[in-house]
Amino acid sequence: MAVPEILLIDDNKQRLHLLETVLKFMECTVIVASGNDYQLVLSSNDLDAIFIGCSDSTQTNVIKELTLHSNGTPVFLVIDKDQPQSQSNQAMLAGVLEWPTVYPKLLALLNSIPQASETNKKPQTNKGLAGQSKAIQKIRDLINQVAKSDATVLILGESGTGKEVVAQALHRSSTRRDKPFVPVNCGAIPGELLESELFGHEKGAFTGAFNSRQGRFEMAEGGTLFLDEIGDMPMPMQVKLLRVLQERTFERVGSNKTVHCNVRVIAATHRQLEQEIIEKRFREDLYYRLNVFPIEIPPLRDRIEDIPFLINDLLAKMTVSQRGNIRLTQKAIALLMQHQWPGNVRELSNLIERIAITHPDGTVDANDLPEKFQAYTIPDNLPTISVTPQWEETNSPSIPLFKPGVTTGNTVQLPEQGIDLKEYLTDLENELIRQALDECNGVVAHAAKLLNMRRTTLVEKLRKVDV
Ligand SMILES: Nc1ncnc2c1ncn2[C@@H]1O[C@H](COP(=O)(O)OP(=O)(O)OP(=O)(O)O)[C@@H](O)[C@H]1O
Ligand SMILES: [Mg+2]
C-alpha cells in the first residue's frame, strides 16, 4: 500500500472537515470516527497513524485510551494554534500538529510516519519527483519496482513532463546510485558525431581526433546512461545501440578492441515510437529492446492536482538557491489549475521563475498573474492547502535518512586514461549536497547537519551551483 491510512477523530467539526479534506488531497486514506466508535476502527483497520483533535477536556480521556490501545500506531494530537496544551499525555504522543498548518509541515509529519510506526509501508517521499496524483504515485511505484533490476527503461511523455526528473529518480533509487548518471541528448548531437560521443574514439580515428577520448558509455560504467530524445537517433546509430543492449559490448571509433560495459540504459522520447516505426524512422527491433519496461508520464493537464505540489517544490528550490522568496495565494493557484499547460511542468517552472523576477519577495495574487490567466474564473472551492516556501521555518520532525558509504577508498578506481580530479571532486560534492537536500526535503539547516558543515557554508555553496 503506497498511501498512508489515517484515523481521524476530532470534536471540532469544522477542523475535522478541513483536515480530512487536506489529508485526502494529499492522497491519504482517511477514516473518520467519533470518540465512541474509534475502538471498532482500531481493531478492524491496518492504520498508519491516528490524528486526534482536541478542543475540550473531555477528549483527554479519549487520547489516553487511544495511546494505550493504538498498538504502536503513532498518535498525533491536533490543536488550534493558540490553544493551551495539556502536558499529561504528551509523552505518549508521536507528535503535535498545530492547526491551521502549512503544506511542508504536514508533509514532513506524514513522511515521519513509517519510521514512527516501523511499518513496512512506503513513505510519501518527495525525492525530486513532486506530486501526489494517482499518476505520479504509480510512477513512484514503477520506479521502486524496476530500480532493483538492471532492466532497460523507456520513459515516454510530452515535452516538459519530467522525463529527466523520472530518469534521475530511478537512478537514485537503484543500486547504481553511487555511480555516475550520464545524460546524452541524442537529438542535439549531429549524427556523425553521435557514435564518437557514445562510444569514444581513438587518436587519429577521424580528422580532428587529436587525442583518444572516452565515450559516454565508458563514463557511465557501473552507473546509468540516460539516452534522451532516443526517437531522434539516426537509423545507423540505432543498429549500433541495439548491439550494445544485446551484447553489452562496443568498440571505440577507430579501434577494433572490444570494450565490455556494465551500464544501465534509460531512454526517453516525446515521440510516438510506433508511428516512427511505421514511417521507417525507428527500428522495430530496437523499440522492443527498449520497451522492456515503459514508464509513461501523463501531461500536466491530466493531473492538475499536482500543480500545488509542483509550485511548492519550485518555490522551495528557488528559496534554497536564493532566487526569490515568493508566495502564491490560493486564488492564484486556483487559476493556474485551470490552465491547459501545453508546455507541461517546464512551462509552469518558467512561469514561476518569471513571477519571482517581477514580484521579488512578494505575495502573488490572481491578478498578478500574466494576462492569459485572467480569462479563467476563480472557483468557490479554493484549494485548502496554503502553498508557501517555508522550509527554513518548518519545525519538522528529525529525518534520519543518512546513507553511509558513498565512496570508500577501495571502491573508487582511477580510470586508465586518468581523471580531472578537481572536476570529479566538485561533482561528488554537488551530488552529496543534492542528496542531502533531497533527504531533508530541502531544509538547508538539516542538510548542513547531515554534511557536517555550517548552514552558512552550505548556503554559500548553493549560491554558486544549481544542485
Ligand atoms: N514531478 C516533478 N517534480 C519536480 N519538478 C519537476 C517534475 N516534473 C518536471 N519537473 C521540472 O520541470 C522541468 C522539465 O522537466 P524535465 O526536463 O525532466 O522534462 P522533460 O520531459 O525531459 O522535457 P523535454 O522533453 O523538454 O526534455 C524541469 O525544470 C524539472 O525540474
Ligand atoms: Mg528532457
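Predicted model: local features only at pLDDT ≥ 70, side-chain atom pairs only at ≥ 80, totals over all residues.
Mentor: Residues are numbered from 1 along each chain as its sequence is written, and chains are lettered from A and ligands numbered from 1 in the order in which they are written.

Trainee: Why is Glu 229 called partly exposed?

Mentor: Buried needs 20 or more other C-beta atoms within 10 Å of the residue's own, exposed needs 12 or fewer, and partly exposed is in between; C-beta atoms are placed from the backbone. Glu 229 has 19, so it is partly exposed. Its phi is near 55 degrees, a positive value in a residue other than glycine.

Trainee: What makes Arg 248 buried, exposed or partly exposed?

Mentor: Arg 248 has 13 C-beta neighbours inside 10 Å, so it counts as partly exposed. Arg 248 also has a positive phi, about 60 degrees, although it is not a glycine.

Trainee: Where are Glu 229 and Arg 248?

Mentor: Glu 229 is in the loop between strand E10 (224-228) and helix H9 (235-247). Arg 248 is in the loop between H9 and strand E11 (249-251). Helices (H or I, at least four residues) and strands (E, at least two) are DSSP runs, numbered from the N terminus.

Trainee: What makes the peptide bond from Trp 99 to Pro 100 cis or trans?

Mentor: Omega is near 0 degrees, and the bond is cis. Pro 100 lies in the loop between strand E5 (95-99) and helix H4 (103-117).

Trainee: What makes a set of residues a nonpolar core?

Mentor: Its members are buried Ala, Val, Leu, Ile, Met, Phe, Trp, Tyr and Cys residues, joined through C-beta atoms within 7 Å. The largest has 75 residues; Ile 155, Val 166, Ile 266 and Ala 447 have the most contacts inside it. H12 gives the most to this core, with eight residues.

Trainee: Which residues does Val 166 contact, leaving aside neighbours within four places in sequence?

Mentor: Leu 129, Ile 139, Ile 155, Ile 295 and Ile 297. Contact means C-beta atoms, placed from the backbone, within 7 Å.

How values were computed
Contact = placed C-beta atoms within 7 Å.
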